[in-house]
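Hi,

Here is the structure I promised to pass on.

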Amino acid sequence: MDALQRTPADARFLYVLAHGAGAGMRHPFMETIAELLAGQGVATYRYEFPYMRDGRRRPDPPGVLKETVSQAVERARASADACAVLAGGKSLGARMTSLAAAEGTLPGVSGLVFLGFPLHAPGKPGIGRAEHLDDIALPMLFIQGTRDSLADAGLMQDVCERLGSKATLHFVEGGDHSFKVLKRSGRQRDDVMLEIAETISNWSCRNFSRAES
């Protein structure tokens with residue numbers, strides 16, 4: 001398994017981070033979020049699904065993707081020391097991690113962090129992809145852009161309200177599926193990425209401690 005781990009000296013949490021469908025673990029988004037999280041005391045373990053590692057465009061079957069998530073979590077936990085372990089990812093990585101968690105194949109994980117959870121296909125609003133979330137007992141953090149074409153904001157809010165106290169929803173105002181904001185917003189890309197990193201760190205501190213791992 002190809003993986004990159006970044007562990008700051010003051011690490012309190014380890015986030016096992018899967019990439020999206022069209023970009024691997026070295027994509028600028030992944031690099032930037034890992035760097036900013038390190039500044040917040042959050043270590044990251046980034047890894048690649050087999051299709052991305054092999055240079056193929058089409059994602060692997062769901063079974064392969066979920067198994068890869070489980071293997072990545074197992075390997076990351078071996079290096080977690082006293083850190084609480086979180087799992088999740090961007091888009092496809094978020095959904096596959098959630099499916100693995102729903103099936104109970106992520107032992108030792110304290111919570112889940114989803115970046116741009118793909119609630120539905122573009123232009124086809126629906127919540128069918130969220131049904132399995134009811135089977136997850138872990139705390140979940142959803143970070144979503146309000147302009148995300150793969151997750152209608154109203155539907156995303158309905159899903160999180162249904163999940164109750166185990167779900168926390170944070171909207172990046174004006175962000176699309178890649179968390180890009182319009183120029184007229186006056187916000188810079190760096191501001192948005194820092195908001196995401198701080199949200200992950202603050203949520204983790206509120207919910208977990210080193211002793212839980």
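Below is what turned up in it, topic by topic.

Before you start, this is a predicted model, in which local features need pLDDT of at least 70 and side-chain atom pairs count only at pLDDT 80 or more, while totals for chains, interfaces and linings use all residues. Residues are numbered from 1 along each chain as its sequence is written, and side-chain values use heavy atoms, with hydrogens and water left out.

Let's begin with the rings. A pair of aromatic rings is described by the distance of the centres and the angle of the planes. Rings of Phe, Tyr and Trp (for Trp, its six-membered ring) pair if their centres lie within 6.5 Å; planes under 30 degrees apart are stacked, over 60 edge-to-face, and the rest tilted. That rule gives seven aromatic pairs. One of them is Tyr47 with Phe49, edge-to-face, with 5.8 Å between centres and 80° between planes. Both Tyr47 and Phe49 are buried (under 20% relative accessible area with a 1.4 Å probe, protein chains only; exposed is over 50%, partly exposed in between). Ring pairs also join Tyr47, Phe49 and Tyr51 into a cluster.

Another edge-to-face pair is Trp203 with Phe208, at 5.3 Å centre to centre and 80° between the planes. Trp203 counts as buried because its relative accessible area is 1%, and Phe208 because its value is 9%.

Now the nonpolar cores (sets of buried Ala, Val, Leu, Ile, Met, Phe, Trp, Tyr and Cys residues joined through side-chain atoms within 4.5 Å). Which residues touch the most other members of the largest one? Among its 42 residues, they are Val16, Phe49, Leu112, Leu133 and Phe142. Helix 4 (residues 92-102) gives this core its largest share, six residues; helices here are DSSP runs of H or I, at least four residues, and strands are runs of E, at least two, numbered from the N terminus. A separate core has 24 residues, including Leu17, Ala84, Val113 and Ile143.

Last, Arg46, which sits in strand 3 (residues 42-47). Is Arg46 buried or exposed? Arg46 is buried, because its relative accessible area is 6%. A polar atom of its side chain lies 2.7 Å from the backbone oxygen of Met25. Leaving out residues up to four places away in sequence, Arg46 touches (heavy atoms within 4.5 Å) Asp2, Ala3, Leu4, Leu17, Met25, Arg26, Met30, Glu31 and Ala34.

Cheers

How values were computed: A polar contact is a pair of N or O atoms within 3.5 Å; within protein, one must be able to donate a hydrogen and the other to accept it, and residues adjacent in sequence count only if both atoms are side-chain atoms.
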